[in-house]
Amino acid sequence: MSYLDVIVFCILISAKCCSQDVVFPSWFKFGAASAAYQIEGGWNASDKGESMWDKLLHTQPRVAADGANGDVACDSYHLWRRDIEMCVELGLELYRFSISWPRLLPSGFPNHISEDGKNYYNNLINGLLEKGIEPVVTLYHFDLPQSLQDLGGWANPLIADWFADYARVVFTLYGDRVKTWLTLNEPFGICDVGYNLQQAPYLNDTEVGRYLCNKNTMLAHAKAWRLYQEEFKPRYHGKVSLSTLFIWYEPLTPDDKEVTELTIEHWEGRYAHPIFSKEGGWPPRIQQFLDNAAKKEGYHRPRLPTFTAEEIELVRGTYDFYGLNHYTTRKVRKAKFGEEIESWPFYGSKELGIVLENDRSWPLGSVDWFAMYPEGLWKQLHWLKDTYGVQEILITENGYVNVDDDLNDWKRMKYIRDNLEQIQYAIEDGINVTGYIHWTLMDNFEWLAGYKVNFGLYAVNFTDPERKRTPRESARYYSKVTRGRSYDYLHVGLYE
Ligand code: GAL
């Protein structure tokens with residue numbers, strides 16, 4: 001037995017000793033997630049249009065690690081049957097995937113619907129349903145048609161209508177079978193990351209573009225939600241929300257409490273408050289903060305564009321549940337005078353004059369910003385309930401990043417176990433968490449990190465033309481969880 005095996009063994013034994021055989025309620029659903037550009041490949045199959053990721057990585061191949069791109073990725077465009085099989089092996093009740101806008105609407109507009117694109121998603125949806133797995137469908141997971149990016153993309157206010165037109169096509173085609181919809185994945189990623197040279201469209205426009213994008217994503221989501229409500233809900237009775245990235249933040253010292261609240265408003269509030277708060281609009285403290293900053297910088301208008309009273313009403317309350325992507329927790333402290341502030345991977349720290357740290361007592365995952373602090377999820381669920389009064393929360397992403405592709409990914413298992421435990425506690429506290437969707441089904445194209453890091457329950461061999469998928473130990477563990485409806489299976493599988 002190696003040193004590592006001994007440690008693993010001890011952790012597993014202690015997990016087993018503490019085991020209380022907690023069973024999740026029957027209505028709680030387990031799932032896994034993926035996203036079109038990260039897995040599909042088939043970038044120019046049939047009449048598919050170019051996405052902004054295709055354009056970025058074909059014209060600036062050095063942007064992603066090792067010059068990687070999603071041209072083939074996991075080749076799910078051809079291997080979707082195997083993906084469904086994996087969902088079955090895992091015992092999933094939900095499979096979250098996204099639709100590629102340019103695959104379905106090659107021009108970006110509904111003047112032409114791709115037959116091939118339409119069939120691809122029909123096959124996937126039907127295949128899942130035949131196996132009793134519910135599709136959870138994201139309309140937009142970062143892959144804008146390049147044609148629309150050329151027209152200004154998310155900085156152009158017309159995008160709210162373009163998005164609603166696209167949403168209408170999707171709801172019309174698949175609304176009879178899909179009952180859970182996410183309009184946008186992480187508008188924070190679309191805007192704060194995409195306009196900070198860390199994601200397509202790979203623009204360096206954190207002062208203005210990012211905030212135009214922020215407002216337009218809110219309007220686009222709201223228009224799609226309202227149109228479902230009016231035109232589709234009476235027939236199909238589905239639910240619509242969006243996935244919001246929510247890293248939990250805690251003050252390092254009592255003195256950092258105020259700046260932590262501002263941080264939460266900056267990172268999360270700008271994308272949640274307009275939709276989920278009772279009063280709607282921007283979170284007031286960050287709006288004030290950014291307006292003051294803009295004045296000092298000589299701008300004549302707020303950089304965070306003001307909502308009109310009608311727009312506030314348009315966006316407010318446009319949700320049927322809260323879709324939460326949670327990964328980790330950070331401690332916030334005010335920067336010391338003259339201290340250098342890094343803004344990767346947590347954007348905007350400079351703007352707020354803060355430093356994000358890890359608590360020394362929290363174990364780190366395989367990268368230095370990824371703390372294993374599951375209690376953060378529990379706190380966040382409470383915060384969402386207390387702040388917005390949300391009545392239903394679906395965890396739409398939660399997952400563990402690894403830098404080696406070891407099949408024995410015991411830290412991932414521990415991460416899943418501990419996060420599920422906190423969800424269970426939150427449910428016991430009366431918070432209605434209705435499901436857990438793990439990120440991700442299999443290793444895939446992890447944006448600018450390419451294929452260098454992995455989040456998958458299944459490993460994918462990216463040098464094999466067949467893109468063979470192999471279950472990791474975490475897949476075995478998770479399939480026990482989904483079938484036994486309990487997280488207390490850490491002892492199973494490893495030594496079988
Ligand atoms: C999320 C994103 C996913 C995936 C994940 C892991 O923010 O929605 O596409 O990349 O992070 O980094």
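This is a predicted model: local features need pLDDT of at least 70, side-chain atom pairs count only at pLDDT 80 or more; totals for chains, interfaces and linings use all residues.
**View 1. Helices α4 and α6 in contact.**
Helix α4 covers residues 76-90 and helix α6 covers residues 115-130. Their axes come within 10 Å and cross at roughly 10°. Angles under 35 degrees count as roughly parallel, and α4 and α6 are therefore roughly parallel to each other. From α4, the contact is made by S76, Y77, W80, I84 and C87. The residues contributed by α6 are D116, Y120, N123, L124, G127 and L128. Sorted by class, the contact of α4 with α6 has seven nonpolar, three polar and one charged residues.

**View 2. L324 in strand β7.**
Strand β7 runs over residues 322-325 and includes L324. The relative accessibility of L324 is 0%, so L324 counts as buried. Neighbours within four places in sequence are left aside in the contacts named here. L324 is in contact with T244 and F246, with L377, Q380, L381 and L384, and with I393, L394, I395, T396 and E397. E115 is 209 residues from L324 along the chain, and the C-alpha atoms of E115 and L324 are separated by 33 Å.

**View 3. Residues around the ligand.**
The ligand has around it Q38, H141, N185, E186, Y327, E397, W439, E446, W447 and F455. A polar side-chain atom of Q38 lies 2.8 Å from an oxygen atom of the ligand. For N185, an N or O atom in the side chain is 2.8 Å from a ligand oxygen atom. For E186, the distance from a polar side-chain atom to an oxygen atom of the ligand is 2.6 Å. E397, one of the residues around the ligand, is also among the contacts of L324.

Key:
Residues are numbered from 1 along each chain as its sequence is written. Side-chain values use heavy atoms; hydrogens and water are left out. Axes are lines fitted to C-alpha atoms, for helices over the stretch in contact, and angles run from 0 to 180 degrees between N-to-C directions. Helices (H or I, at least four residues) and strands (E, at least two) are DSSP runs, numbered from the N terminus. Angles under 35 degrees count as roughly parallel, over 145 as roughly antiparallel, 65 to 115 as roughly perpendicular and the rest as oblique. Contact means heavy atoms within 4.5 Å. Ala, Val, Leu, Ile, Met, Phe, Trp, Tyr, Cys and Pro count as nonpolar, Asp, Glu, Lys and Arg as charged, and the others, Gly among them, as polar. Buried means under 20% relative accessible area, exposed over 50%, partly exposed in between (1.4 Å probe, protein chains only). A residue is near a molecule or strand if one of its heavy atoms lies within 4 Å of it. A polar contact is a pair of N or O atoms within 3.5 Å; within protein, one must be able to donate a hydrogen and the other to accept it, and residues adjacent in sequence count only if both atoms are side-chain atoms.
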